[in-house]
Amino acid sequence: MSSPPIQTAGARRVAGGSGFAVSTPGTSGATGPAATSATSMDGMLMLQQQVEDGATRDRQARKHGKAMLEGLAALQRELLDGDVDPGTLERLGALTEHCPEAADPGLRATLGAVSLRVQVEIARRAM
């Protein structure tokens with residue numbers, strides 16, 4: 001005696017075949033509220049991931065900005081002492097080359113201004 005084919009969401013039993021076949025996204029058996037709920041959940045997950053990615057980028061950009069400001073403060077102390085270490089300028093130059101992109105437009109503009117100040121200080125010392 002043969003049992004009827006069993007269907008689940010995403011997989012179905014194929015008569016005379018090797019077992020199960022995975023449904024493609026456009027052919028799944030879910031319709032109505034279940035399909036809408038799954039679509040809404042996917043959308044919410046993607047939105048949450050984008051927000052988290054933006055927050056992570058901003059956190060990295062803030063950390064990088066603080067490092068540039070600390071480097072500028074170190075350069076200022078060295079200038080006041082009359083002994084500028086070339087390593088400080090090299091570190092500042094490396095920081096401006098690898099500046100992460102912030103998601104927040106205000107933070108992005110601030111980092112751009114700090115980076116420009118670093119580049120000006122490096123150019124002034126190169127003269």
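Visitor: How many helices and strands does the chain have?
Guide: This is a predicted model, where local features need pLDDT of at least 70, side-chain atom pairs count only at pLDDT 80 or more, and totals for chains, interfaces and linings use all residues. Residues are numbered from 1 along each chain as its sequence is written, and side-chain values use heavy atoms, with hydrogens and water left out. Helices (H or I, at least four residues) and strands (E, at least two) are DSSP runs, numbered from the N terminus. From that end the elements run β-β-β-α-α-α, and the count comes to 3 helices and 3 strands.

Visitor: What span should helix 2 have, and what do its end C-alpha atoms say?
Guide: Helix 2 covers residues 86-97, which is 12 residues. The expected span is 1.5 Å times one less than the number of residues.

Visitor: Is Glu121 buried or exposed?
Guide: Glu121 turns up among the contacts of Leu72 (heavy atoms within 4.5 Å), leaving aside neighbours within four places in sequence. Its relative accessibility is 7%, so Glu121 counts as buried.

Visitor: Which residues join Glu121 in one salt-bridge network?
Guide: Side chains of opposite charge can pair when their charged atoms come close. A salt bridge here is a side-chain nitrogen of Lys or Arg within 4 Å of a carboxyl oxygen of Asp or Glu. Glu121 has such a bridge with Arg117 at 2.3 Å, with Arg124 at 3.5 Å and with Arg125 at 2.8 Å. Shared partners tie Glu121 into one network with Arg117, Arg124 and Arg125.

Visitor: What is the relative accessibility of Arg125?
Guide: Arg125 sits 4 residues from Glu121 in helix 3, so about one helical turn separates the two. Arg125 counts as partly exposed because its relative accessibility is 28%.

Key:
Buried < 20%, exposed > 50% of the residue type's maximum accessible area, 1.4 Å probe, protein only.
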